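Biologist: Could you walk me through this model? I'd like to know what the terms rest on.

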Amino acid sequence: MIRLGLIGCGEHAETGHAIPLARYLAAHPDQIELTAACDMQMTRAQNFCGKYGFKNAYSSANEMLRQAKLDGCIAVLPPENIAEVGATLLRTGIACVVEKPLGASPAEVAFLVDAAKTTGTRNMVSVNRRFMPFLKRAMDWTQSIGPLRYVRCTMTRHARSESDFIWMTAVHAVDTLRYIAGEVSESSVHSIKSEGLSSWHAIDLRFESGTYGHIDVLPTSGTVEETYDLFGEGFRASVTSPFGAQRSVRCFGDNKLVLEEIAGDDMPEDVLNGGYGEAEEFIRALSQGDAPRPSIDEVAPSVMLCWMMAKSLEGSR
């Protein structure tokens, strides 16, 4: 029986972690126990106990870690708390899942990376796009045909004008393209500016594999959608997920649609957006004694690249 804890019981913790964990518990009641939920607001932790099956509520993370005897813990916290709490979990030897962007500064990210290396504690970063079933189908299909020449993401949002969008949100697109195409060897970012309007951004990437990549970051374009396109000689796969009016995967070869799947109303949101697959990976690794993936060390390059691009954009103002 794997004993799991959750630190942070806000909206993202609910949709991204509590719901998938409750689904897993319902399907595998003999494999995991949702031992503890913790939030500074005790009522929120108590709500998670009643709603999702966590057994004990805490308002202090330190108290929970002393008393609950956890095998694994998921921390869902604001950026300024991620590195400190993540390092605490690593030092106590509790296998953990932490959220992107791993910290509120490059120094905090480096601190957490160092803690992970020094302690050797098993760890994982919550980047749910890597577990989207539609993306997996697209990657499996393209890999069976030939090498990728070009990958692209169009990330659109509505009324998102915050200055930290690149390293807080666009990091999802950067990390997903790294997951698809490998390590980045060159990168550049350019602002798409219009007088009196919010800046949009165009990111260009070159991967060590030779594949090229591009990301359009359009945070005030009036729609909430992410589309990932994978191109090769004679083929293309297009994935709209986790956001979009019609989530789907479509694969084309020799000018023909050869694979298509469209999300129906019966597909749970946490399965579609990768949250359930992420929970499965963490639990699988704990039960088998493996290291879950992706680790802090694997995701950190995505985060640091976004920090570098954000700094570049500041310098161009």
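Biologist: What makes β1 and β4 a pair?

Modeller: Two strands pair if DSSP finds at least two bridges between them, and 4 bridges join β1 (residues 2–7) to β4 (residues 72–75), so these two count as paired, running parallel. In β4, A75 is the bridge partner of I7. Strands here are DSSP runs of E, at least two residues, and helices are runs of H or I, at least four, numbered from the N terminus. Mind you, this is a predicted model: local features need pLDDT of at least 70, side-chain atom pairs need 80 or more, and totals for chains, interfaces and linings use all residues. Residues are numbered from 1 along each chain, and side-chain values use heavy atoms, without hydrogens and water.

Biologist: Why are β3 and β6 called edge strands?

Modeller: The open sheet has the order β3-β2-β1-β4-β5-β6, with parallel pairing. Both β3 (56–58) and β6 (123–126) pair on one side only.

Biologist: How do you know that α1 packs on the sheet?

Modeller: Contact means heavy atoms within 4.5 Å, and helix α1 (residues 11–27) touches β1, β2, β4, β5 and β6.

Biologist: Which helix gives the most to the lining of the largest pocket?

Modeller: That's α1, with 6 residues. A lining residue has an atom within 4 Å of a pocket point; a pocket is an open set of points on a 1 Å grid where a 1.4 Å probe fits, with protein on both sides within 12 Å along at least five of seven lines. Of the 30 lining residues, H12, K100, R129, H172 and F243 are the closest to the centre.

Notes
Axes fitted to C-alpha atoms, helices over the stretch in contact; angles between N-to-C directions.
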